[in-house]
Amino acid sequence: MREGLARKVWLLCLGALLCGVSSGLDRAHRRHMGLHRHRGERGKEGQVLHRSKRGWVWNQFFVIEEYTGPDPVLVGRYAQDKVLLKLHSDVDSGDGNIKYILSGEGAGTIFVIDDKTGNIHATKTLDREEQAQYTLTAQAVARDTMKPLEPPSEFIVKVQDINDNPPEFLHGPYYARVPEMSNVGTSVITVTASDADDPTYGNSARLVYSILQGQPYFSVEPQTGVIRTALPNMDREARQEYDVVIQAKDMGGHMGGLSGTTDVKITLTDVNDNPPKFPQSVYTMAVSEDKVPGEEVGRLKAKDPDMGENGMVEYRFLEGDGMGVLEINKDSETQEAVIKLKKVVDYEKKKTYTVKVEAWNPHVDPRFMAWGPYKDTATVKVSVEDADEPPVFNEASYNFEVEENAPEGTVVGQVHARDTDTANNPVRYMIPRYTDLGQFFGITPEDGVIKTTRPLDRENQAWHNISVSATEIGGHHQDSKVRVNIKVKDVNDNPPEFATNNEVLVCENVVPGKLIETVSATDKDEMAHRQYFQFSLPPEVVNNHNFTLKDNKDSTASIYVMRKGFSRMTQDMYFLPIEINDNGVPPQSSTQTLTIRVCSCDSKETILSCNVEPFILPAGLSTGALIAILACIVILLAIVVLFVALRRQKKEPLIVFEEEDIRENIITYDDEGGGEEDTEAFDIATLQNPDGANGFLPRKDIKPELQFPMRPGARPVANSVDVDDFIKTRISDADNDPTAPPYDSIQIYGYEGRGSVAGSLSSLESVTTDSDLDYDYLQSWGPRFKKLADLYGTKDSADDNS
């Protein structure tokens with residue numbers, strides 16, 4: 001590095017010297033040419049113009065970048081007689097009266113000037129990559145007056161480049177892809193490095209590329225940086241990614257140059273260079289005979305190491321006896337061949353099947369067609385496994401017919417099922433009850449014969465859809481079911497009847513011969529071809545003079561009027577019996593009654609009314625008036641009911657008694673008294689009503705208009721014990737009271753009176769009377785009554801002894 005720097009300084013000095021010589025000659029020449037020009041120039045008014053004499057000329061100066069010496073770098077100086085790096089003016093006599101001033105880019109900071117000598121120095125290290133040149137202005141002025149002695153002039157200081165920047169890969173790291181099996185020299189990617197040094201000066205920025213890692217698979221062009229394949233038949237399946245390191249070196253790759261590196265990750269992309277391959281040549285699979293079509297039998301896969309569509313594999317059958325019962329599909333996710341059951345297999349019929357499967361690539365690269373066929377084959381052997389299968393009916397479903405009303409036990413039909421297994425177990429039949437809720441049919445378990453259990457009615461249920469189950473005896477008791485449809489055949493067992501039962505309305509003023517109704521019939525039985533209903537009048541009404549019937553021969557009949565002059569007052573309803581025959585086998589007939597009502601009509605035979613009520617009502621009383629009368633009656637009844645209800649709620653006793661009525665008080669005595677004759681035990685005056693002392697009781701229902709005076713001397717003494725006189729007085733008062741109501745009032749007293757025929761109810765005297773009872777029987781009642789027997793028995797004994 002030091003030798004290179006010294007060489008650059010020597011070259012720089014030599015260049016500066018040559019520039020100084022050429023600039024000096026150029027300055028002399030320009031001075032000479034300027035003198036002549038000044039002499040030849042004149043002003044517009046004849047004056048001669050003089051150009052001021054220029055004492056010095058500026059050149060380009062050079063400073064080496066990145067200089068790190070101890071002293072400031074001398075940029076340059078100027079002398080009149082020789083070319084040196086010195087700035088000096090011609091007017092400078094060396095007495096120090098001239099001052100040199102420097103201005104411009106970096107003046108005073110990067111570049112400084114000696115104001116006495118004009119020497120310019122660089123005070124800082126310069127970097128060409130930051131700024132390649134600086135423009136400065138120098139001027140000489142008088143030191144004392146600071147007046148310019150010469151016009152200012154510009155000069156350029158250029159920073160001389162050195163190789164101080166290594167190459168850089170600005171876009172690294174790089175990622176590239178190249179197809180596998182590419183030819184040698186196939187371009188992969190171009191890498192580019194940049195150098196911040198000056199490309200126009202020396203070899204500092206001249207780069208050379210080389211490969212440090214990735215050989216022998218790849219190479220790089222030294223001048224362009226293009227990476228190319230270096231080996232043929234690179235296989236992605238063997239190795240897919242490569243890490244390559246590229247170096248860029250300046251100075252043309254010579255020793256001493258700076259370098260930089262970058263990483264390049266190269267991936268080999270896939271091409272279809274591998275055919276599919278089965279790992280095995282023969283595959284064995286098994287399927288049970290009870291499997292249904294669509295179920296999976298097995299899988300196999302051909303391996304293809306290629307990727308994407310290059311690795312896609314399709315499968316197909318080429319040959320084999322199993323192509324009719326097997327089918328092949330592909331699982332798009334796993335790329336496997338899926339073999340499924342196409343038809344039901346039967347172990348008893350065929351036990352093995354064989355198919356040949358081919359795997360092939362749908363996308364083939366023509367460049368590699370010569371490498372061989374992109375397909376492979378394998379053989380698949382499928383064995384059928386025996387399974388305990390349910391019995392199989394001879395038919396998928398059965399259809400039988402039976403006549404309605406057939407007697408119990410009539411044979412409907414027979415079903416048959418067999419066990420297809422090798423064991424060939426016997427089969428038993430039954431009818432599931434949920435398919436024959438009415439239990440109309442039964443089946444023989446051994447032979448499957450279906451019979452009726454009771455007569456059937458087609459009009460109630462025309463079809464019976466039942467199931468029959470067949471179960472093998474032994475094994476796993478497998479069973480199967482079959483549908484049995486039983487049609488009940490019709491028998492003409494229902495008589496015909498009117499299709500509708502509507503009344504026929506006829507006007508009172510109808511004319512004879514008028515058609516008033518067309519009747520039709522219906523029959524619950526099925527109508528045979530060319531079968532129709534016949535209508536006729538019964539013999540007892542054939543000669544009636546009111547109506548007649550005509551059979552239309554199309555299962556309808558017309559009813560005509562035979563006379564005129566119908567009257568509702570005389571008869572408002574007629575009943576016409578009609579006989580209907582269905583002509584079936586056996587024939588059925590019935591007599592239906594047609595109701596004919598007479599109605600009131602206007603002159604245009606428009607029916608006005610068919611009711612008889614208007615004739616019962618008085619003349620001139622309309623229906624509206626009748627409704628109004630009925631409404632009034634209902635309102636009056638409601639008022640009466642309401643009045644009665646209110647009266648019952650407000651009913652009160654007729655006689656007003658004070659709350660303190662003495663008769664409502666209960667008098668309790670603890671003294672039993674001396675019987676009915678004892679009058680000293682209580683005061684009889686408590687039975688007297690104080691309110692009735694004046695001779696009458698107030699009534700609530702009648703307002704008294706006169707006072708009934710009490711008879712003199714009638715009031716008993718308060719302490720009187722003559723109850724008979726008291727009661728007779730009260731009765732007399734009540735009978736003679738003119739304010740009393742016309743009905744009797746109940747007078748209740750608690751005194752029994754004298755001489756009661758009931759006698760005394762007291763038991764006090766019972767102990768003094770002789771008892772007629774014999775208590776000897778108590779002796780036979782046991783120990784519990786012994787004491788009682790001894791008590792009374794002892795007394796009796798004492799009496800007897802006395």
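Begin by selecting Cys-599 and Cys-610 in this predicted model, where the two residues form a disulfide with their sulfur atoms 1.8 Å apart. With 105° about the S-S bond, this link is right-handed, and because Cys-599 lies in strand 38 while Cys-610 lies in the loop between strand 39 (607–609) and helix 2 (613–616), the pair ties together parts that are 11 residues apart in sequence. Both Cys-599 and Cys-610 are buried.

Next, select Cys-507 and Cys-601, which form a disulfide with sulfur atoms 2.0 Å apart. Here distant parts of the chain are linked, since Cys-507 sits in strand 32 (residues 504–507) and Cys-601 in strand 38 (residues 589–601), 94 residues apart. The torsion about the S-S bond of Cys-507 and Cys-601 is about -85°, so this disulfide is left-handed. The structure holds 2 disulfides, and, with bonded cysteines counted along the chain, they follow the pattern 1-3, 2-4.

Then move to the largest nonpolar core, which has 25 residues, and highlight Phe-278, Tyr-315, Leu-326, Ile-339 and Val-380, the members that touch the most others. Among the elements giving two or more residues to this core are strand 15 (282–288) and strand 21 (375–385). Centre the view on Val-380 and, leaving aside its neighbours within four places in sequence, look for its contacts, including Tyr-283, Met-285, Leu-300 and Ile-339. Another core, of 24 residues, lies apart from this one, and Val-510, Ala-521, Phe-566 and Ile-578 are among its residues.

Finally, select the open sheet of 3 strands, whose order is 9-12-11 with antiparallel pairing. Its edge strands are strand 9 (187–190) and strand 11 (218–220), each pairing on one side only. Within this sheet, Ser-187 has Arg-228 of strand 12 as its bridge partner.

Key. Residues are numbered from 1 along each chain as its sequence is written. This is a predicted model: local features need pLDDT of at least 70, side-chain atom pairs count only at pLDDT 80 or more; totals for chains, interfaces and linings use all residues. Side-chain values use heavy atoms; hydrogens and water are left out. Two strands pair if DSSP finds at least two bridges between them. Helices (H or I, at least four residues) and strands (E, at least two) are DSSP runs, numbered from the N terminus. A nonpolar core is a set of buried Ala, Val, Leu, Ile, Met, Phe, Trp, Tyr and Cys residues joined through side-chain atoms within 4.5 Å. Buried means under 20% relative accessible area, exposed over 50%, partly exposed in between (1.4 Å probe, protein chains only). Contact means heavy atoms within 4.5 Å. A disulfide is a pair of cysteine sulfur atoms within 2.5 Å.
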